[in-house]
Amino acid sequence: MAKTLFTTHKGTAVYPYVNKPDTFGQGDPKYKVGIRVPIEQMKELKDLCMEVAKKDFGEKKAKTARMPFKQSDDDVEANMIIINAKSQFQPKVYDSTGTYIPADQLPQIWGGSILKMGGVINTYDLSGNTGVSLLLTKVQIVELVEGNGGDDGGFEIEEGGWTATEGTLSDAPEEQAESSEEEQEEKAFAANF
């Protein structure tokens, strides 16, 4: 049986797990990517998925099969849709020129990156769940967004506050002394229990 391949248009990454598999939730860890694209760019892929479903399930069952696309209320208003693809194996990753990036040199790929995905269209019919999934085999990074864990290098200085080097409130020694007495009283009280 011939495999049906797919390649998406470029879209904005939503919760990409390309560097490492997603281990949250049930089942085996999976590499996965969702990309948000305009609905008008979906027609070709949507038709291809339906064609594969009809071939594997028949016309009637294909109409009710689950598809690897979803829309939130915000996406509907913005005329966008999210395409989801996943795999148990790490996909090959390419830069915008089509050059392969070895896994040990892969940058951290975060949500907001502009990506294209490719792979194989797959069908499943298990325990009453019938659907089409996209098996992720490759990702192209068009524009990279790398994360820093939400840390942009710290905060601006707040004068008169606590400092780690001193371990005190720099401009309020009286408050520190009061705090120390209160802490000592609490420790003594707690020791009686």
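**Close-up 1. Strand 2 and its pairing partners.** Strand 2 and strand 8 pair in the antiparallel sense over two bridges, where strands are DSSP runs of E of at least two residues, numbered from the N terminus like the helices (H or I, at least four residues), and two strands pair if DSSP finds at least two bridges between them. Within this pairing, T12 stands opposite I114 in strand 8. Strand 2 is also joined to strand 3, by five bridges in an antiparallel arrangement, and here the bridge partner of T12 is R36 in strand 3. The model is a predicted one, in which local features need pLDDT of at least 70 and side-chain atom pairs count only at pLDDT 80 or more, whereas totals for chains, interfaces and linings use all residues. Residues are numbered from 1 along each chain as its sequence is written, and side-chain values use heavy atoms, with hydrogens and water left out.

Close-up 2. Strand 1 runs antiparallel to strand 8 and is joined to it by four bridges, with V120 in strand 8 as the bridge partner of L5.

**Close-up 3. Salt bridges between separate elements.** Four salt bridges are found in a search of the whole structure, each being a side-chain nitrogen of Lys or Arg within 4 Å of a carboxyl oxygen of Asp or Glu. One of them joins the side chains of D22 and K32, at 2.7 Å from N to O, and it links distant parts of the chain, since D22 belongs to strand 2 (residues 11–22) and K32 to strand 3 (residues 30–38), ten residues apart. D22 counts as buried because its relative accessibility is 11%, while K32, at 31%, counts as partly exposed. The side chains of D125 and K61 also meet in a salt bridge, again described by an N to O distance of 2.7 Å. D125 lies in strand 8 (residues 114–126) and K61 in helix 2 (residues 59–64), so this pair ties together parts that are 64 residues apart in sequence.

Close-up 4. D47 forms a salt bridge with K43, the closest N and O atoms being 2.8 Å apart. The two residues are separated by about one helical turn because they stand four residues apart in helix 1 (residues 43–57). D47 is partly exposed at 40% relative accessibility, whereas K43 is exposed, with a relative accessible area of 57%.

**Close-up 5. The largest pocket.** The largest pocket has a volume of about 920 Å³ and is lined by 34 residues, of which K30, K32, N84, K86 and S133 lie nearest its centre. A pocket is an open set of points on a 1 Å grid over the protein atoms alone, where a 1.4 Å probe fits and protein lies on both sides within 12 Å along at least five of seven lines, and lining residues have an atom within 4 Å of a point; the volume is the space filled by probe spheres set on the points, which are joined across faces, edges and corners.

How values were computed
Buried means under 20% relative accessible area, exposed over 50%, partly exposed in between (1.4 Å probe, protein chains only).
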